[in-house]
Amino acid sequence: MKTSPVIALIGNPNAGKSSLFNQLTGLRQKTGNFPGVTVDKKSGTWPIDAQTVATIVDFPGIYSIYPKSLDEQIVTDILANPAHPDYPDVSIVVVDAANLHRNLLLFTQVADLGGPVILALNMLDVARQQAKEINAVRLAMRLGVPVVRINARTGEGLDLLKKAVLGQLEEPTLPGKLFFDPAEEIPELIEETKVQYQLETNYLALQYLIQHDGFSFLNRSQQVGLDTLIHNYQFNEQTFQAGETITRYKRIATIAAEVVTNQRAANQPTWSQKLDRYLLHPVWGYAIFGFILLLIFQAIFAWAQPFMDGIDSGVAWLNGQLKESLPPGPLTDLLTDGILAGIGGILVFIPQIAFLFLLVALLEESGYMSRVMVIMDRIMRKFGLNGRSVVPLISGVACAVPAIMATRSIGTRRDRLITILVTPLMSCSARLPIYTILIALVVPSRRILGLFNLQGLALMALYLLGLVSALVAAYILKLFLRTQERGYFIMELPTFKLPRWNHVGLTVWESVRSFVWEAGRVILAISIVLWVLASYGPGDSMDRAEARAKQQHAALATDQLQNIIASDRLEASYAGQFGHFIEPAIRPLGYDWKIGIALLSSFAAREVFVGTMSTIYSIGSGADDSDITIRERLRQEKNPITGGPMYTPALAWSLLIFYVFAMMCMSTLAATQRETKSWKWPTVQLVYMMALAYGSAFITYQLLH
């Protein structure tokens, strides 16, 4: 027995495979890519006993080994290739006990490929709620493999699963015969394929014949050889595959009838089905979804505000204390006006990010998010998108990079490409700091009908604008990218469950940690560079600017004079001169050179905008303003031309609309390039989104100005 065997977790989507993976690996997990492809691989270690530490690989969820998308293809590609590094020593097929009849299709296919297999019966509690009982002993006898009853949510049955895995590693138990033997219908073709390609099982030979064009481990000459065999025997792959599926389901029905006892009265709906009558209703479904969205955005403002005010005031207090206690000089200025001001611009938004991911995690854990995908599928199809596009579009609310990677589940190339191109229009969490600080400046915190906060309504409107623009862009792209392929959407609706609070907490923690760590590193670097550019200038330009300020405003009070000197020195710095250089291009949008600097810096990551503005205004203010919060700095900024407030509703809404559409994320462009394997489509994405952002911001400012 190998001391480090590979254990594969295989199963239908929503069968509980990922929950079992989390139970087995705990924190011993890592993510990467399967060798040779960009499909995500979750793997981890599982100490089975003192001598054996297994590697657990969580395969993408599939309904059948006949793939319809890129992430499904990798499963068959591995199971059909014993030389693959992730080829399992034991396969654990996780099935939903409440839907045993359908889940057994995949199990029988995996078992027929060869190799030790274990059937993990999960969601038995859900089956009991539906008045179903499953005889696991009889099922094991009928299948000829170990069957283990587990609860992946609670960890129940893991000791029995461990014993079964050890048993399969020491003395493998294989089914007595194939559930479907292709040699019964095409014996000569199967035998010749096995001989030519040195294969051991009849069903693996069938997969070579049907799927050889998709197998990455076969070279061109081997694929041509299989094409020749197919031609010589006049083998029709599609007809044979359809017949196989029908035959398998007939045999599965016989097994299910023997092992499943269903005591529920005929046509009696479960409580999940009763809820779905409203949640999936063509009218009430959208109304309920809209109301839930409204509650989420209301909560983001109402619940997070006290925490945000505390962090904002704390950072401002710390800044003031450091300036008072540390000796004056460049290092103190770098620490307070550069690093601390930039990082403070991100820390203040942790409460809102945490509440957003908390509420989304609750929707996912409960099973409601799957219902959202189903009702949104009806809208997607009207705009020419595949129903599977719902998943990446909704994921884009968190981050566009994993959302773009999630498009691998889309089978048709055109639908996948369109989804990639429009997903960044969904407002991601990186936009949230920009939205909230600008909305707080120009939208009063007033309630409508005594319930709805006006700021929450404004935030929801921006998110809906992103969704609508994504759908419109998809419709336009569909007119240019024509294809004969037909898209489809298949999703199993999980039953409603109480959220697992440890999973919810872990999701929130990982999301906040990723947000702070990823954004913090970028902001720290940009803050240092920006402080240097804003603190120094060419030649003696900054000293001359200070001398002019002292001469022109000598009669002012000391604190007012210091503010003017700081502002003039900033304007004469490298950053100020560069800002003035690009100002003519952004002036029609209402932006000045300071905002221009923030726009350019936010190309690294959108959330850098707030940190940059905080740094710019910290450097451009006097020492007496060191304890002013970020929001107050923006509110007190004056327009140098009119003398009034800089951040008027026209300017703020112009910026908000700009960031709804702007493609200002290098990571997203890199992800698009990786998924499309071309720089053409990231370029298209960048050009059309920036043009849309500029044009929309221009119209907004001119209408409101």
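Which helix is Glu583 found in? Let's look at that in the first close-up. This is a predicted model, where local features need pLDDT of at least 70 and side-chain atom pairs count only at pLDDT 80 or more, while totals for chains, interfaces and linings use all residues. Residues are numbered from 1 along each chain as its sequence is written, and side-chain values use heavy atoms, with hydrogens and water left out.

**View 1. Glu583 in helix H25.** Glu583 belongs to helix H25, residues 574-586 (helices are DSSP runs of H or I, at least four residues, numbered from the N terminus). Its relative accessible area of 13% makes Glu583 buried (under 20%, with a 1.4 Å probe and protein chains only). Leaving aside residues up to four places away in sequence, Glu583 touches Tyr591, Asp592 and Trp593 (heavy atoms within 4.5 Å).

**View 2. Helix H29 against helix H31.** H29 (residues 649-661) and H31 (residues 680-704) pack at about 165°, their axes 8 Å apart (axes are lines fitted to C-alpha atoms over the stretch in contact, and angles run from 0 to 180 degrees between N-to-C directions). H29 is therefore roughly antiparallel to H31 (over 145 degrees). Among the residues that meet are Trp653 and Phe658 in H29, and Met689 and Tyr701 in H31.

**View 3. The buried side of helix H30.** In H30 (residues 666-676), the buried residues are Thr668, Leu669, Ala671, Thr672, Glu675 and Thr676. They lie on the same side of H30, because they cover an arc of only 160° around the axis (taken from the directions from the helix axis to the C-beta atoms). Lys677, with a positive phi near 55°, follows H30.

Conventions. Helices (H or I, at least four residues) and strands (E, at least two) are DSSP runs, numbered from the N terminus. Angles under 35 degrees count as roughly parallel, over 145 as roughly antiparallel, 65 to 115 as roughly perpendicular and the rest as oblique. Buried means under 20% relative accessible area, exposed over 50%, partly exposed in between (1.4 Å probe, protein chains only).
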